[in-house]
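User: I have just opened this one and would like a walk through it. Could you take my questions as they come?

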Amino acid sequence: MVAAVGDVFKALADPTRRAILDELQERDGQTLFELCTRLVGRHGLGSSRQAVSQHLDVLEAAGLVRTRRQGRYKFHDLDTSPLRAVTERWRLDRRGANP
Amino acid sequence: MRITVTSVLVDDQEKALRFYTEVLGFAKKTEIPLGEHRWLTLVSPQDPDGVELALEPDEHHGAQAFKRTLVEDGIPYTMFSVEDVQAEHDRLTGLGVVFTQPPTEMGGMTTAVLDDTCGNLLMIAAMQPAADG
């Protein structure tokens with residue numbers, strides 16, 4: 001199901017959530033533990049696991065993160081497809097635009 | 001007061017003994033029969049008089065639920081130091097070990113997370129060598 005565009009904007013409005021997307025862009029298939037460690041080690045964001053878990057819920061509701069269970073592990077993947085709705089509404093290649 | 005033993009809760013002591021010695025490379029230090037189970041500890045061959053690791057049965061249902069939720073979120077039960085995380089990752093992967101996190105550099109350390117086949121994830125870690133200059 002395609003998420004509403006509003007959810008995407010809300011999801012992107014938070015710097016911690018943007019950092020989560022940055023880290024998933026580098027490597028899909030991360031556990032909650034790996035994401036938390038990367039946020040501390042690379043972004044200086046010492047959010048609790050519970051807070052990161054809640055950020056992931058928001059990103060998942062916006063369709064930007066997908067969760068997959070593989071055996072006993074839960075991995076998170078980046079999905080950039082909801083961003084297409086943004087550029088389809090305000091086109092990058094708009095005709096008649098000033099350079 | 002000193003820390004002499006730490007423990008990991010395993011689903012099967014015999015299977016754990018094989019994995020922790022034959023795959024990870026630890027050595028058996030003590031084995032005392034205790035009815036159905038054993039008091040079973042390991043040491044690192046690099047530090048035979050160092051802290052021992054006890055392989056304890058995880059029979060308590062609370063322990064199993066605890067382990068399951070840690071594994072689901074990718075959280076290691078404990079961690080071990082290695083010289084070279086990438087080399088250890090490559091050696092263990094060659095032996096069929098599953099990693100939930102490949103070697104990753106963060107905050108001055110390189111870490112990786114592996115499955116001990118006994119219901120736990122384990123972190124291996126090395127401090128990065130200080131940059132010259």
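User: To start with, at what angle do helix 2 of chain A and helix 4 of chain A pack, and how far apart are their axes?

Analyst: Bearing in mind that this is a predicted model, helix 2 of chain A and helix 4 of chain A pack at an angle of about 75 degrees, and their axes are 10 Å apart. An angle from 65 to 115 degrees counts as roughly perpendicular, and the two helices are therefore roughly perpendicular to each other.

User: Which residues make that contact?

Analyst: On helix 2 of chain A they are A:Thr16, A:Arg17 and A:Ile20, while helix 4 of chain A brings A:His55, A:Leu56, A:Val58 and A:Leu59. By type, the residues of this contact divide into four nonpolar, two polar and one charged.

User: Stepping back, what is chain A built from?

Analyst: Chain A has five helices and two strands, and from the N terminus on its elements run α-α-α-α-β-β-α. Its C-alpha trace spans about 50 × 30 × 20 Å along the principal axes, and of its 99 residues, 27% count as buried.

User: Which residues have the most contacts inside the largest nonpolar core?

Analyst: That core has 26 residues, and those with the most contacts inside it are A:Ile20, A:Leu35, A:Cys36, A:Val52, A:Leu59, A:Leu64 and A:Val65. At least two residues each come from helix 1 (5-12), helix 2 (15-26), helix 3 (32-43) and helix 4 (49-61) of chain A, and also from strand 7 (109-115) and strand 8 (121-127) of chain B. Helix 3 of chain A gives the most to this core, with five residues.

User: And what does A:Val52 touch?

Analyst: Leaving aside residues up to four places away in sequence, A:Val52 touches A:Leu32, A:Leu35, A:Cys36, A:Leu39 and A:Ser47. There is also a second, separate core of 12 residues, which includes B:Val10, B:Tyr20, B:Leu42 and B:Leu55.

User: Moving on to the contact between the chains, how many residues does it take from each?

Analyst: The contact takes 10 residues from chain B and 12 residues from chain A. On the side of chain B that touches chain A, the elements giving two or more residues are helix 2 (61-72) and strand 6 (99-106) of chain B. The residues on that side of chain B divide into three nonpolar, four polar and three charged.

User: Now the sheet in chain B: in what order do its four strands come?

Analyst: The four strands form an open sheet in the order 5-8-7-6, with mixed pairing. Strand 5 (78-81) and strand 6 of chain B stand at the edges with a single partner strand each, so one side of each is left without a neighbour in the sheet. Neighbouring strands are turned by 20 degrees against each other on average, direction ignored.

User: How many bridges join strand 5 to strand 8 of chain B?

Analyst: Four bridges join these two strands of chain B, which run parallel, and B:Phe80 stands opposite B:Ile124 in strand 8 of chain B.

User: Which strands does helix 3 of chain B lie across?

Analyst: Helix 3 (residues 85-94) of chain B lies across strand 6, strand 7 and strand 8 of chain B, running at about 165 degrees to strand 6 of chain B.

User: One last thing, what is the phi of B:Thr117?

Analyst: B:Thr117 has a positive phi of about 65 degrees although it is not a glycine, whereas most residues other than glycine have a negative phi. B:Thr117 lies in the loop between strand 7 and strand 8 of chain B, and B:Thr117 is partly exposed, with 18 other C-beta atoms within 10 Å.

Methods. Residues numbered from 1 in each chain as written. Chains lettered and ligands numbered in written order. Predicted model: local features only at pLDDT ≥ 70, side-chain atom pairs only at ≥ 80, totals over all residues. Core = buried A, V, L, I, M, F, W, Y, C linked by C-beta atoms within 7 Å. Buried ≥ 20, exposed ≤ 12 C-beta atoms within 10 Å, placed from the backbone. Contact = placed C-beta atoms within 7 Å. Nonpolar A, V, L, I, M, F, W, Y, C, P; charged D, E, K, R; others polar. Axes fitted to C-alpha atoms, helices over the stretch in contact; angles between N-to-C directions. Parallel < 35°, antiparallel > 145°, perpendicular 65-115°, else oblique. Pairing = 2+ DSSP bridges.
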